[in-house]
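Follow this walk through a predicted model.

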Amino acid sequence: SHFNDEMQEVANPSIHQRLAAAGYFHIISDAYTDAIQDAPASAKEGGIIDIRFFEQAESRSTSSWRPEAEDRLCALIDELIVDRKFDPAQITLLTRKNSDSRYLIDLLLQYQQTPASRTRYGLVSTDALVVNNSPAIQLLLAGLRYLVNEKDSLALAELVQANAIRLKLSLNNIDWYRTETNHALQQLPEAFRHKRKFLLQGGLYECVEELISIFSIDEWTSEQAYTLAFRDLVNKFSHRGKAAIREFLLWWEEEGQEKALPSSSAINAIQVMTIHKSKGLAFDVVIIPYADWELDNKKGLLWCDWKDSPEGITVVPVNISAKMAQTSFAYEYFEERLMSRMDALNMLYVALTRTRQAMYLMAPKPSASKESKGSISTIADLLYTSLHSALPPRERAVTDFSTQLNDQALLVEGE
């Protein structure tokens, strides 16, 4: 593979030997040597596999395929409930990240309000709907923490960054991370700067309502459900008496941050959850709307052993970069990439083995240049390449699905 070729090119003989001794040149193939998908004797005939690849609308945008896939998702759910007669509770959407779960819930709720929608259904996702995960609520909490302690520079920085998110500004701007109080306050609404000394004079409820007004939280349409739920929590807490903001913040840390939005239809609703949370579970219909996660961890810091420091430093943080492959940190670099790939593959394995009756998967089609080079950097690339490769015949009538794969879709439906 390309990855093994990269490891082979490591110039340092001792590092190359360490990689070989750890079995890293064949660790992935070894891990899946005994993995065989074998149907039990009790398995019923039939079933559906629907894998579709969508063109990138813009070559420079890695997510420009998603709008078309989301249109397909909305129509698919209508088809499953109306035409194929599945109950909503039989359908589960699996995502890689909680943020994707939240986005899909908003998308499907909005779609159901359009003329194109053919039916109504509830949506359940405890993790995605935790109130504390809302950027609007994080803004309000940071505001409360700063008001009760103006020496809390972390709360002020969180407030500035949350306000930048509200305004859809780039978080790469260094201004959002400067710690000088006067500079930070200048990034916030003028009303907050002028009123902050008076906001604590009322009770908790009045203070929260004033913050919602100052930061125009009610105009943040995607966060309205979370804002409403937070208001309810604040109101209930305030009924205990004249609630102090400090007491509320303490309660929030101990208990409140686990609160979630009420389910829209808890008994008969579509589930939306992360792949990680689906481990050990099974569902009649599984939909994986965004099968596009990266194989490699390309960002962040990697803590590496350091033995040549006269100061006695034993580990150092290094920015993950391809340049590490030809440095003394090559072993840690390739180890991190291998673990990331194993994690990505395990996530795919879990996702593909959750269904009882039908599986629908949506992914971006690799670009022409990627396809011609055989480059594989995402799960989508891996799926596309694998399905277009000739598969050797196997026992139990496993089919070479490449013969049923047209340019962008694999459709297999049992009798």
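Start where α2 meets α13: their crossing is right-handed. Helix α2 covers residues 13-21, and its axis comes within 9 Å of that of α13. The two axes cross at roughly 30°. Angles under 35 degrees count as roughly parallel, and α2 and α13 are therefore roughly parallel to each other. On the α2 side, the contact uses I15, R18 and L19. On the α13 side, A330, Y331 and F334 meet them. By class, the residues of this contact of α2 with α13 are five nonpolar and one charged, with no polar residue.

Now turn to α4 and α5. Helix α4 spans residues 66-83, and helix α5 spans residues 98-111. Their axes lie 11 Å apart, and the helices pack at an angle of about 60°. That angle makes α4 oblique to α5. The crossing of α4 and α5 is right-handed. Helix α4 brings R66, E70, L73, C74, A75, I77 and D78 to the contact. Helix α5 meets them with D100, Y103, L104, L107, L108 and Y111. In the contact of α4 with α5, nine residues are nonpolar, four are charged and none is polar.

What is the handedness where α6 crosses α12? First, the geometry. Helix α6 takes in residues 135-148, and helix α12 takes in residues 245-254. Their axes come within 10 Å and cross at roughly 135°. That makes α6 oblique to α12. The crossing of α6 and α12 is left-handed. From α6, the contact draws on I137, L141, L144, R145 and V148. From α12, it draws on I245, R246, F248, L249, W252 and E253. The residues of the contact of α6 with α12 comprise eight nonpolar and three charged, with no polar one.

Leave the helix pairs and look at open space. The second largest pocket has a volume of about 660 Å³. Its lining counts 29 residues. Nearest the centre of the second largest pocket lie T62, D292, W293, E294 and T378. Which elements give two or more residues to the lining of the second largest pocket? They are α13, residues 330-352, and α15, residues 379-388. Helix α13 supplies the largest share of that lining, with three residues. By class, the lining of the second largest pocket has 13 charged, ten polar and six nonpolar residues.

Note on methods:
Residues numbered from 1 in each chain as written. Predicted model: local features only at pLDDT ≥ 70, side-chain atom pairs only at ≥ 80, totals over all residues. Heavy atoms only, no water. 1 Å grid on protein atoms, 1.4 Å probe; cavity = no way out; pocket = protein on both sides within 12 Å on 5 of 7 lines; lining within 4 Å. Points joined across faces, edges and corners; volume = space filled by probe spheres on them. Helix = DSSP H or I, 4+ residues; strand = E, 2+ residues; numbered from the N terminus. Nonpolar A, V, L, I, M, F, W, Y, C, P; charged D, E, K, R; others polar. Axes fitted to C-alpha atoms, helices over the stretch in contact; angles between N-to-C directions. Parallel < 35°, antiparallel > 145°, perpendicular 65-115°, else oblique. Left-handed = near helix turned anticlockwise from the far one by under 90°. Contact = heavy atoms within 4.5 Å.
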